[in-house]
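Subject: The two-chain model

Hi,

Here is the structure I promised you. Have a look at it first, then read on below.

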Amino acid sequence: MTLYKVTGPTAFRGHRPGEEFEAELEPDLERRAKARGSIRVVRREPTKTDEKEDQVDA
Amino acid sequence: MPKRIALKDSVEVDSVDLSNFARSVAFSSEHARIDVSGFNATGTDEFLAGSTTQSVTVEFFGSYGSGEAHQTLYPIHKDREVVAFAWRPDQTAAVSATNPSLEGNVQILTYAPGATRGDAETYSVEFTAADEAGLAFVTSVG
């Protein structure tokens, strides 16, 4: 799950400006929302794919 | 059910709440009329319902700030993106049978903002249904 903060002037997915919410947004939706300043990523937990890649790297 | 004054509508485009930047919404769903009339004694035409064309037109106030109408809508048009659209009569109440939500994936095929001296800037945007699911009223959160 990723923690997002609503940075735009209007609600995003029902979350008010300034609110933080956890979600798994589709990559395209996240890209557009970040580009227009609606949201920003606060914290992104590593996915299982990331963990597997880390194990291979080690 | 009581009659309604449209005041609290919710308009959401690509998950962004644009309600305060919108002042009118008009949904259109039309089946093509396929003429299957044959010779008959009364001369009456006979039609079958053909393919369905759906769109919803929203009148927006010109607003160019971060995350506002233009910055939300123009990239969708420019990049030919397909995004989620939702409209329901009362933004203060959950989706229900008495507060149905018109939902679907849409495109913006034409984007044409404009302005007139001394007037509030407004422009209409037509959202065209973009996949086989079309636009449909739902009465519960899916």
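Below is what I found, starting with how to read the model.

This is a predicted model, in which local features need pLDDT of at least 70 and side-chain atom pairs count only at pLDDT 80 or more, while totals for chains, interfaces and linings use all residues. Residues are numbered from 1 along each chain as its sequence is written, and chains are lettered from A and ligands numbered from 1 in the order in which they are written.

First, confidence. pLDDT is the predictor's confidence in each residue, from 0 to 100. Chain A averages 87, and 79% of its residues score at least 70. Within chain A, strand E1 (residues 2–6) has the highest confidence, at 97, and helix H2 (residues 48–57) the lowest, at a mean of 59.

Next, the layout of chain A. There are two helices and three strands in chain A; helices (H or I, at least four residues) and strands (E, at least two) are DSSP runs, numbered from the N terminus. The order from the N terminus is β-β-α-β-α.

How do the strands pair? Two strands count as paired if DSSP finds at least two bridges between them. E1(A) is antiparallel to strand E2 (residues 20–23) of chain A, over four bridges, and there Leu3(A) sits opposite Glu22(A). E1(A) also pairs with strand E3 (residues 39–44) of chain A, again antiparallel, over five bridges, with Tyr4(A) opposite Val41(A).

On to chain B and its helix H1 (residues 69–78), where Ala69(B), Thr72(B), Leu73(B) and Ile76(B) are buried (20 or more other C-beta atoms within 10 Å of a residue's own, all placed from the backbone). Looking down the axis of H1(B), these buried residues fall within an arc of 90°, so they line one face of the helix; the arc is that of the directions from the helix axis to the C-beta atoms. They pack against several strands of chain B, including E1 (10–13) and E7 (122–129). Just after H1(B), Arg80(B) has a positive phi of about 55°.

Finally, where the chains meet: 13 residues from chain A and 14 residues from chain B take part in the contact (C-beta atoms, placed from the backbone, within 7 Å).

Cheers

Key:
Two residues are in contact if their C-beta atoms, placed from the backbone, lie within 7 Å. A residue is buried if 20 or more other C-beta atoms lie within 10 Å of its own, exposed if 12 or fewer, and partly exposed in between; C-beta atoms are placed from the backbone.
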